[in-house]
Amino acid sequence: MAKISGAVVVDNERCKGCNLCVVACPAEVLALQAKEVNDKGYHYAYMANPDKCIGCASCGYVCPDGCITVYKVKI
């Protein structure tokens with residue numbers, strides 16, 4: 001079975017920092033940006049541990065604004 005690596009792309013300007021993606025991630029890949037905010041004033045999600053991403057797309061499924069895209073790559 002091929003090993004899968006994932007990558008999460010967050011549209012920072014659409015993210016409202018609801019934290020649902022961070023909680024849904026089983027690999028603890030995502031976190032909210034602590035010091036930076038987007039144009040709307042929200043702390044946005046980002047990949048804090050990109051090497052741990054398994055490409056499960058749980059974060060994308062729970063995002064209410066649809067601002068998360070998950071890519072999967074076979075290694």
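Colleague: Which residues make the nonpolar surface patch of about 320 Å²?
Modeller: This is a predicted model. V62 counts as partly exposed because its relative accessibility is 33%. The patch of about 320 Å² is made by L20, Y61 and V62.

Colleague: How many disulfides does the count come to?
Modeller: A disulfide needs two cysteine sulfur atoms within 2.5 Å. For C18 the closest cysteine sulfur belongs to C63, at 6.1 Å, so that pair is too far apart for a bond. For C21 the closest is in C15, at 6.0 Å, which is also too far for a bond. The count comes to zero.

Colleague: Is C21 buried or exposed?
Modeller: Buried means under 20% relative accessible area. C21 has a relative accessibility of 6%, so C21 counts as buried.
That puts it in the class named: buried.

Colleague: What is the phi of N19, in the loop between β1 and α1?
Modeller: Most residues other than glycine have a negative phi. N19 is not a glycine, yet its phi is positive. The loop that holds N19 runs between β1 (4-10) and α1 (20-24), and N19 is partly exposed at 30% relative accessibility. Its phi is near 75 degrees.

Colleague: Where does E28 lie?
Modeller: E28 has a positive phi of about 55 degrees although it is not a glycine. With a relative accessible area of 59%, E28 is exposed. Its place is the loop between α1 and β2 (30-32).

Methods
Residues numbered from 1 in each chain as written. Predicted model: local features only at pLDDT ≥ 70, side-chain atom pairs only at ≥ 80, totals over all residues. Heavy atoms only, no water. Patch = residues over 30% accessible without salt bridge, like charges linked within 9 Å, V, L, I, M, F, W, Y side chains within 5 Å. Areas by Shrake-Rupley, 256 points an atom, 1.4 Å probe, with all protein chains shown as cover. Salt bridge = Lys/Arg side-chain N within 4 Å of Asp/Glu carboxyl O. Buried < 20%, exposed > 50% of the residue type's maximum accessible area, 1.4 Å probe, protein only. Helix = DSSP H or I, 4+ residues; strand = E, 2+ residues; numbered from the N terminus.
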